[in-house]
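Look at the chain as a whole before turning to its parts.

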Amino acid sequence: MEGTYKCIAENKANTTSSSATLQVFEKPTAELSPKPYPTFTSGDELRLTCIVNKATVNITWKKDGDEIRKRAHIFTQLDEKKGYLHIAKLVEEDIGEYSCEARNRLGNVARSTVTITQKPTAELSPNPYPTLTSGDQLRLTCIVNKATVNITWKKDGDEIRKRAHIFTQLDEKKGYLHIAKLVEEDIGEYSCEARNRLGNVARSTVTITQKPTAELSPNPYLTLNSGDQLWLTCSVNKATVNITWKKDGDQIKKTADIFRPLGQKKSYLLIAKVVEEDIGEYSCEARNILGNVARSTVTINVNSVKRSPSLMWYYIVGSMAAVIAILLVCWYIWKRRRTAAAMALPNQGEAVEMELLNVEVDEWEIEVKRVLLQDVIGRGAFGAVWRALLSSPNGRPGNRTVAAKCFTPTAGEEGRKCLMREIELGKILGESNQPNIVKFIGCVTRQVHPILIMEYLPCGDLLGYMRKCRGIKDRYYLGEGRAQDLDNYDLVLFAKQIATGMVFLGSRGVIHRDLAARNVLLDNNYVCKLTDFGMAYQNFKYGHGNAKKGCLPIKWTAPEVLLGNLAGLSTASDVWSYGIVLYEIVTLGGIPYDGWSEGNVVAQVTRGYQLPKPDHVDDKLYAMMKRCWNFNPDFRPPFENLRKRMDTYLREETYLHLLDMGSYDTTKYSRVEDLENEDAEPTARATTNAAAKRLGKWASDRR
């Protein structure tokens, strides 16, 4: 076809011609190999080959339409009609559409494309998960990669459609599963499955195991006579895979019949006819699949066969009676000393008087001999809080761990009255059993020094817990166990629960007056419970006469109170304090007005100053905090509105945008000790002194 072509035209008069040369150019072709390309994982090698034809004079490589200029090693061999692209170690950023373009001399282009897709990845955290007990909280996080477009949660192979709160944040490459209170049916294998666009699946699993439980019955066991039958039942839970019976610490291999009916969560021990050798401590041990052990014990006593009376019998009985009498006297003396020692508060330098008072008692009154103080777990202006054992009434077996708030003698008569006022308020609130109020159990008021008995919450106070969860040591915090990481959901839930408790107090006409994160306790399920009502009073019962007395928490107190307008004290004053608590929550235990003396706080707050917005807090949440700090109490939102707003954040999952914990300034909120008044400027000290004259004694031992 190629060559010179000539056209000749002629007539009778003349001849003319024209010639042209024809060149034929082949269209370029391009074909990528391999195609399709298998999915990869991070660190894999990528090799692509572009096969072209003889007409191709240039090969260009592109990713997502843009020419590749870095990350890849590219070389071309036109004599072999091939081009090559090589990436030694792939990363997530290498995902995309790759193309090679072949051009001929005329600039015609042929293109071939292939999509490089990463395999999805899924990793559950924490894994392994610690064993749980019924009522515990389950929180799982599924960490995926950029290639993931969908996350599915399953339990024992079936997709989870109820019981769990599930939400996904693919922009953060995470999915979350939350069960507020576990039950036995929640035990099993949980998995999260990550899928990419091609439908490839990655799976991560974790086994959620319940702690075993064991309970022997009957317990205690009645004393047996020789020849009687012994029948013990060990009740266990679903997590138990093995039950072992022991006597005095050794496994029982004979003398007893042991059986466990199929399908029942019980095991039985039977001795048809007991003898004296069967006396001892019997225990059943329940083990779960991880080898965790729960143990329950009971003591079995067996009377020997009666013998005929003899002189020796009288000697034995007489000797035993004498020994018992001596032991009873010794026990009585020891008990009195033990009770006196237990009731003495540490570092007070004086004994606690235990004279009986001639006061009226009610159903809340507890005998002081039932209370055994163990360890100090907190201190306040008017007393110390102890972990204590409360024995069952009427000499029945069994103890219960409680918290005992004991009056400190150095606090004087005003301190005793403050604790008595808290006891009276506890009696009123105790009848309602509201879940966000610390449960009042009883009191000891027939002694010179009263004691308030309330439920024991091992996780401690919210302020210390939040600080502990970010690794900050707080010398005031005495909570037990390990603090888990807190996310937006937890913090907003804390705020809702506190508001719920304050709604309840308001419905009873109670003004707390000392609402702060240090006065919020956490139970085993991380439910917030309000405590420390020593400064609280009811409108209808106590009036306003004592509002000036006692310690005033300056940094949490509303300006109308700081200005001495005690007639204006209302639930709206607690709303101001709630705004400060929100500040403590969003800063994970930060100090409000950090570095300010209390005198300076009084001066600035009474002039309208408000805490600034932390950088990681959303404008909507900060606007709510500012409404709580409105200088006019009438314009502050009621607690019911605050509770509903927090509930809406949780239900609609808008809480995810309220806090950007990625920009949380750990250095800014790392201090847990505040400045005292001696650090204040002279003008601030003058303000402090003036405020002291208006308000009486005030201090904040813990900020």
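Is Asp 64 buried, partly exposed or exposed? With a relative accessible area of 45%, Asp 64 is partly exposed.

The model is predicted: local features need pLDDT of at least 70, side-chain atom pairs count only at pLDDT 80 or more, and totals for chains, interfaces and linings use all residues. Residues are numbered from 1 along each chain as its sequence is written, and side-chain values use heavy atoms, with hydrogens and water left out.

Asp 64 sits in the loop between β5 and β6 (66-67). Its phi is positive, about 55 degrees, although Asp 64 is not a glycine. Arg 71 also has a positive phi, near 75 degrees, and is a residue other than glycine. Arg 71 is found in the loop between β6 and β7 (73-77), and is partly exposed, with a relative accessible area of 45%. The strand and helix names follow DSSP runs, numbered from the N terminus: helices are H or I runs of at least four residues, and strands are E runs of at least two.

On that basis the chain has ten helices and 37 strands. Of its 703 residues, 47% count as buried. Contact means heavy atoms within 4.5 Å. Among contacts between residues at least 6 apart in sequence, 65% join residues at least 24 apart.

Another loop residue is Asn 53, between β4 (46-52) and β5 (58-63). Why does Asn 53 count as buried? Asn 53 counts as buried because its relative accessibility is 11%. Leaving aside neighbours within four places in sequence, Asn 53 is in contact with Glu 26, Lys 27, Pro 28, Thr 29 and Lys 81. With Thr 29, the side chain of Asn 53 reaches the backbone nitrogen at 3.3 Å. This is a polar contact, that is, a pair of N or O atoms within 3.5 Å; within protein, one must be able to donate a hydrogen and the other to accept it, and residues adjacent in sequence count only if both atoms are side-chain atoms.

Two peptide bonds are cis. The bond from Lys 35 to Pro 36 is cis, with omega near -5 degrees, and Pro 36 lies in the loop between β3 (30-33) and β4. A cis bond also joins Ser 217 and Pro 218, with omega about -5 degrees; Pro 218 is in the loop between β19 (214-217) and β20 (224-225).

Now turn to the helices. In α8 (residues 619-628), the residues Leu 621, Tyr 622, Met 624, Met 625 and Cys 628 are buried. Seen down the axis of α8, these buried residues fall within an arc of 155 degrees, so they line one face of the helix. The arc is that of the directions from the helix axis to the C-beta atoms. The cover over the buried residues of α8 includes α6 (571-586) and α9 (639-651). At the start of α8, a side-chain oxygen of Asp 618 comes to within 2.9 Å of the backbone nitrogen of Lys 620.

Notes:
Buried means under 20% relative accessible area, exposed over 50%, partly exposed in between (1.4 Å probe, protein chains only).
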